Amino acid sequence: MYRFKNLLVFLLLSSLFLTQGCWSSKEIEDLSVYAGLALDVGERPDIERDLEGQGANYFKRDLITATIQIIPIKSFERQEKSKAKQVVKYSNLRLTGDSVFEIMRQYSTRRERPVIGHHLKVIVVSTKLAKQHQMDQLMDFALRDNDIRPSCRVFFSEGRAFDTFLSDQPEEVPAFRLNAMLNNSFRSNKIMKEVNLTRIDGLLRSKQSFLLQNIVSSKGEIQFSGAGIIKGATSKWIGNLNQENVESLSWIQGTGQGGLIKSYDWRNKIITYEIKSMHSKTTAKLQGDAISFHVAIESTGRLIENWDTKENPSKLEYLEGAEKVFEKRLTTMINHVMQKTQSKYKVDVAGFGKVLAIKYPKKWKEIKDNWDEVFSRVPVTFEIKLKITDFGSSTE
Amino acid sequence: MWSIIITHLPNWKVCVQAVLSLVIALVLYYVNKYFRSLVEKKNAPAQKARRGERPAEQAHLSDEYEENLHAIKQAISSNSDVHFREFQVAELQARAMLIYVDGMQDEEMISKYVMKILMEDVKQDMTDGSVLFNPLEFSAYFQNKVLPVCETYEAKELHGLNQSILIGFTALLIEGVPHALLIGTSGMKTRAISEPSSEALLRGPRIGFTEVLSENTSMLRRQGYSEDLEINMYEVGARIKRKLVIAYMKEIVNPDLLQEVRDRVGKINMDFIAESGYVEQFIEDDYLSPFQQAQNTERPDRVISGLLEGRIAILLDGTPFALIVPTTFSMLLQSPEDYYDRWLPGTLLRMLRFFAAFLALMSPALYISFISFHPGLIPTELAVTIIETRQGVPFPSLIEVMILEISIEILREAGIRLPKPIGPAMGIVGGLIIGEAAVQAGIVSPFLVIVVAVTAISSFSIPVYSAGITLRILRFVGMLCAAVLGMFGTILFILFICGHISKLKSFGVPYVTPISPFRFNDWKDLFLRTPLPFMTKRPDMMKTQDKKRR
């Protein structure tokens with residue numbers, strides 16, 4: 001054996017080259033990178049209607065219209081830059097069908113270059129579609145596909161999801177804009193923490209209710225506005241929370257990184273509180289069979305805006321008064337969202353279940369199958385402490 | 001692999017793959033075997049026979065002046081540059097003959113100290129008043145009391161005499177004297193000592209070796225005074241002989257290593273050893289390896305610091321390049337400047353060089369594998385830019401990279417050959433123009449120009465020029481691997497290199513020594529250059545007699 005040691009080495013080495021399977025290269029410019037995927041209720045655009053009229057049809061039901069945003073579209077006119085014509089950096093391609101995967105493959109019959117999903121950043125689902133179909137069915141392809149990264153973020157769209165992929169700025173790729181807008185969460189707690197495919201996967205498998213950031217759009221402008229609720233039991237969209245509700249939820253969970261509380265003081269003048277820090281601690285209590293939660297919220301911040309010219313913000317009494325106003329305002333906000341989630345939609349989207357599961361795993365096992373139902377009857381108490389530590393640089 | 005074959009036996013593709021891999025392996029095996037056998041054949045002791053076949057006519061000079069002259073003339077007078085100058089020795093009234101090679105003598109010295117004395121002054125110099133008529137006695141008297149020249153020998157044997165004349169001695173034959181006097185009057189024109197052009201430093205001595213061996217050894221001596229520094233002379237070359245010197249520190253060097261170097265140098269067998277590159281190729285361990293196993297340098301300071309680490313220097317007459325053996329991989333990326341600067345800049349620059357070496361080796365390969373196999377691994381924004389810039393490039397990435405890499409290599413080669421004043425300018429301008437124009441013409445993408453430029457600049461930053469060449473060769477191999485198998489191939493390629501250099505040895509010292517075999521003490525001088533007070537020990541890997549630096 002030792003005599004043939006070299007032969008053995010070479011045999012193993014050559015098998016390395018022959019038994020693995022990525023001989024075939026694909027140059028990057030021969031591929032279409034898609035950065036966004038929008039899922040809408042099946043509605044064939046005119047062009048598709050026309051094409052199908054001429055026989056470009058296959059066996060399908062028109063359930064979904066999927067839009068992919070391909071970047072960059074041709075820019076071969078590099079040489080003739082002088083034309084100063086604004087080149088659109090992306091192209092949206094829409095197709096209708098039922099299987100998302102079949103639609104993805106169907107793109108190959110429309111464009112010369114195969115699409116690859118490595119760089120898929122955002123998936124936008126229209127609430128209308130999420131109401132009709134289960135979320136886990138819609139997401140199944142994205143979760144299974146090897147190309148698509150699990151870091152891809154998922155959003156809801158109030159109107160057509162396709163509209164969020166339009167931009168009035170031709171130089172800008174809307175999918176990138178959407179993706180980057182999440183980074184502003186340190187400025188406003190109306191922007192939720194990102195929900196990516198990994199989290200969606202976990203949430204869908206464990207049949208929990210959850211929220212997805214909602215986008216509204218108009219003529220190429222978009223805005224984050226509240227969140228859509230997916231009910232765990234049905235995996236369907238059941239309703240929306242507004243911007244204030246999203247804000248309140250971030251207070252309950254203590255996840256906000258920034259933002260503000262605006263209120264009106266005793267003279268009905270505007271005062272605003274800027275959050276510097278935010279902490280919350282949720283504790284679960286079990287007395288007999290009765291579950292209850294207590295949430296302690298603490299925050300420090302500064303008085304950032306004050307329209308009340310008659311008051312002197314550098315006075316301690318005034319600040320204490322203002323603290324009370326803000327606390328009251330926050331309590332109302334939180335009550336709104338608790339009322340909405342517990343009574344109206346009967347879903348736990350603030351993660352109370354998790355707290356219970358950690359502290360009382362036995363109890364949790366008993367009730368986890370209809371936790372949303374149980375949650376709607378559980379009393380939750382709040383204890384809110386806001387502290388104004390600073391009134392800004394302006395004083396009398 | 002076997003399990004795959006067995007389970008997929010009906011699948012003809014797998015069978016073909018298996019057979020192919022067997023064929024490839026066999027071919028590689030036999031090619032390898034063939035090459036190894038070549039090495040063995042080369043090392044066979046064939047030189048012994050040849051050395052023995054020259055018993056040299058041990059012809060001695062006779063008493064007869066005419067006879068001797070005739071014999072010498074017959075042997076070497078067909079050379080037009082051998083001059084015979086006959087004159088009369090005033091005192092003896094005897095004929096004398098000076099024989100020397102033109103151009104190798106200091107003629108002023110000959111006429112002033114040899115001819116003038118013999119023709120006029122000897123009589124006056126005989127201070128004791130005795131008169132000598134015996135030519136033999138006169139010769140001894142002349143050599144010992146009159147002739148003010150350092151090097152004089154008596155030559156009795158004809159063959160040796162002829163050789164000495166051709167090497168540059170002046171022979172003096174006197175009528176009645178049965179031997180010739182060899183006088184060292186060599187005064188060859190030599191080049192002035194200048195800064196080594198292949199290893200420029202910002203800080204450090206501006207002194208480099210020249211083509212004259214004695215000057216080079218004197219430069220080593222001049223570094224400082226030490227009884228430790230030993231310089232042993234050898235002769236190499238079967239037909240044209242040349243002086244070769246082995247220098248080492250007597251109390252530091254590992255005696256086994258010294259013996260090994262002596263043996264290997266002794267085995268060198270060739271007509272003519274033209275440059276130290278010949279020596280390097282004769283004494284290296286593995287001639288199939290792209291990595292050099294002896295470091296060449298023009299700098300005496302580098303040689304001395306090598307000697308102090310327990311290494312051995314080999315100097316050859318006629319070349320300013322000295323060899324330092326054994327060589328380890330880290331030496332190729334070290335510059336003397338690391339030690340002359342303070343330790344922080346030294347460390348930073350050294351780490352930078354390691355990074356540059358990686359770039360010089362890998363960046364085109366990585367570019368190819370990213371572009372044509374793994375577009376998902378590029379950050380999105382960058383991917384978009386690359387796609388945009390690569391639109392309309394007609395070639396696959398390998399061809400594209402090859403076009404630019406090869407033209408850069410040609411430019412570099414041309415830059416060396418071009419006359420000095422236009423060389424560098426030509427290189428830069430040519431590079432810029434080719435780069436810019438190729439992009440304009442749409443043959444290559446601008447991104448690639450950046451990659452290739454970074455690669456080229458990185459490979460320039462490697463302090464040892466021949467190490468840069470190694471990386472240049474391997475870069476092309478890496479590119480091919482990447483083009484065939486993508487990232488998988490690139491990693492395979494890196495593993496191949498790692499395997500190869502960890503197996504490679506230079507004079508018994510593993511090539512990547514401080515890393516593997518792991519010697520922590522030597523890591524102080526590997527990636528980092530720790531402050532000098534910390535470097536109290538000589539490298540462990542050299543197994544020196546004296547472990548401590550004092």
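A salt bridge is a side-chain nitrogen of Lys or Arg within 4 Å of a carboxyl oxygen of Asp or Glu. This is a predicted model, in which local features need pLDDT of at least 70, side-chain atom pairs count only at pLDDT 80 or more, and totals for chains, interfaces and linings use all residues. Residues are numbered from 1 along each chain as its sequence is written, and side-chain values use heavy atoms, without hydrogens and water.

Q: Which residue of chain B meets the side chain of A:Lys89 in a salt bridge?
A: Across the interface of chain B and chain A, the rule finds 3 salt bridges. In the one with A:Lys89, the N to O distance is 3.2 Å, and the partner is B:Glu388.

Q: How much area do chain B and chain A bury between them?
A: Buried area is the accessible area (1.4 Å probe) that two parts lose on being put together, summed over both. Of the area buried here, 68% is on carbon and sulfur atoms. The total is about 3700 Å².

Q: Which residues of chain B lose the most area to chain A?
A: Contact means heavy atoms within 4.5 Å, and 41 residues of chain B are in contact with 39 residues of chain A. Three names account together for 17% of what the chain B side buries. They are B:Tyr29, B:Ile387 and B:Gln391.

Note on methods. Chains lettered and ligands numbered in written order.
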